[in-house]
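I set down here, entry by entry, what I looked up in this structure. The sequence and the model come before the notes.

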Amino acid sequence: MSSTPVDNDAQSKKVLDVVIVGSGPAGHTAAIYLARAELSPVMYEGMLANGIAAGGQLTTTTEVENFPGFPEAIGGSELMDRMRAQSVRFGTDIRTETISKVDLSSRPFKLWPQFAEDDDPILCKTLVISTGATAKRMHLPGEDQYWQNGISACAVCDGALPLFRNKPLAVIGGGDSACEEATYLTKYASEVYVLVRRDELRASTIMQKRLLNHPKCKVLFNTVATEAKGDGEVLTALRTKDTKSGEEKDLEVNGLFYAIGHIPATSIVEGQLDMWEDGYIKTKPGTTQTSVHGVFAAGDVQDKVYRQAVTSAGTGCQAALEAERLLAEEEEA
Ligand code: FAD
Ligand code: NDP
């Protein structure tokens, strides 16, 4: 972690203690903790930032069955509305704007909302980046019609839905996620086809073995999907193509799960924070501290493995406690 220079010119302007960018479970959990700690957090929730409504990825799904505290399940949008209400209840100042630029080269940090009328940046002592990620999709013909009606990008989230029970399902991808999602889906599916575009898997050896040895999984190498087909309401088949022979056929499946990677929403901090090759923000192990002192990253934007609402909320809590501790230490010094 590098020490961050202090911008003396900015000292005379109003400096916020903490700003949160992003409004999914990570951002709102950070907001709840920071507001209860009386640090008057300001949250930029985004205005369709990264193509997603304020509230984040869960606003794009129906039932959330694995967030603790909701034994009967809860709608994704309702869950996020409730988190937002909880943030507001304790005094979070939520601004429906997208942050389009940040300058993390000195403290206080500078942030520019997208349609701000002047060039004056927002200044803050600490910053929580919780801008999330989006699952990659192929946008096949028919995909828009059957998205969330047989097509998903999260087996753990949607695999248990009645729509998929005892039905043949397909996973596209050849990495660890594809292996994990396919083996997970065997709990519910009658069989799981894994469509791999090359003649080999990219996944780690152990994950490959688990997949290849599973009696319910069938790996279709050199196979790509070209169309999502259905009965007008739900997915019933995929048109597939063998990339070697060129042969095309319909594969009857009632579910398609994408596992072809995610894109973290990190463009605003690119070149300013240390990141992994695939764009996820690097954090110091066991913490949410980034390479810049005073900047914390929480949720999917720094997590390429778990990517769940509850893990995002957990790291949002961590980021808030770490920001609070830093501010207290600096107050005392
Ligand atoms: P996100 O939810 O990704 O939210 C980030 C927010 O920040 C977005 O609203 C975005 O617009 C905003 N933002 C981005 N950039 C900016 C910017 N520059 N300025 C301002 N705002 C910005 N997980 C589960 O645990 N259970 C489930 O059942 C489940 N179902 C899912 C179903 C679907 C269809 C999907 C896509 C995901 C599902 N997940 C589920 C995963 C879960 O939604 C994510 O793990 C979680 O939402 C990540 O939270 P986050 O706070 O990191 O960010
Ligand atoms: P990866 O980038 O590792 O794999 C993506 C896979 O999707 C590749 O096989 C790729 O094919 C394929 N793919 C990409 N685009 C397309 C497309 N348009 N059409 C068809 N196939 C496509 O992503 P993962 O999400 O699997 O993993 C991300 C990271 O998370 C990795 O570091 C992984 O190790 C880690 N992880 C670890 C887990 C664990 O250890 N339990 C579980 C899940 C993830 P190709 O190979 O041809 O490029």
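**Entry 1. Conventions.** I note that this is a predicted model, in which local features need pLDDT of at least 70, side-chain atom pairs count only at pLDDT 80 or more, and totals for chains, interfaces and linings use all residues. Residues are numbered from 1 along each chain as its sequence is written, chains are lettered from A and ligands numbered from 1 in the order in which they are written, and side-chain values use heavy atoms, with hydrogens and water left out.

A polar backbone atom of Pro25 is 3.2 Å from an oxygen atom of ligand 1. For Gly56, a backbone N or O atom lies 3.1 Å from a ligand 1 oxygen. Ser312 uses a polar side-chain atom, at 3.4 Å from an oxygen atom of ligand 1.

How much of ligand 1 does the protein bury? I find 96% of the 1000 Å² that ligand 1 exposes when taken alone; accessible areas come from the Shrake-Rupley method with a 1.4 Å probe, and for residues only the protein chains shown count as cover. Helices (H or I, at least four residues) and strands (E, at least two) are DSSP runs, numbered from the N terminus.

**Entry 2. H1 against H7.** I recorded that the axes of H1 and H7 come within 7 Å and cross at roughly 40 degrees. Axes are lines fitted to C-alpha atoms, for helices over the stretch in contact, and angles run from 0 to 180 degrees between N-to-C directions. On the H1 side, Pro25, Ala26, Thr29, Ala30, Tyr33 and Leu34 take part; their partners in H7 include Ala309, Ser312 and Gly316 (contact means heavy atoms within 4.5 Å). This contact has 11 nonpolar, three polar and no charged residues.

**Entry 3. Ligand 2.** I counted 17 residues around ligand 2, the closest being Gly174, Asp176, Ser177, Arg198 and Arg202. An oxygen atom of ligand 2 is 2.7 Å from a side-chain N or O atom of Arg198, and a polar side-chain atom of Arg197 lies 3.0 Å from a ligand 2 oxygen. The protein covers 73% of the 910 Å² of accessible area that ligand 2 has on its own. Helix H5 (residues 176-185) gives the largest share of the shell, three residues.

**Entry 4. H5 against H6.** I noted that H5 and helix H6 (residues 205-212) have axes that come within 9 Å and cross at roughly 35 degrees, in a left-handed crossing.

**Entry 5. Backbone details.** I found a cis peptide bond between Arg107 and Pro108, with omega about 0 degrees. Pro108 is in the loop between strand E6 (99-103) and strand E7 (109-113).

Technical notes: A polar contact is a pair of N or O atoms within 3.5 Å; within protein, one must be able to donate a hydrogen and the other to accept it, and residues adjacent in sequence count only if both atoms are side-chain atoms. Ala, Val, Leu, Ile, Met, Phe, Trp, Tyr, Cys and Pro count as nonpolar, Asp, Glu, Lys and Arg as charged, and the others, Gly among them, as polar. A residue is near a molecule or strand if one of its heavy atoms lies within 4 Å of it. A crossing is left-handed if the near helix is turned anticlockwise from the far one by less than a right angle, and right-handed if clockwise.
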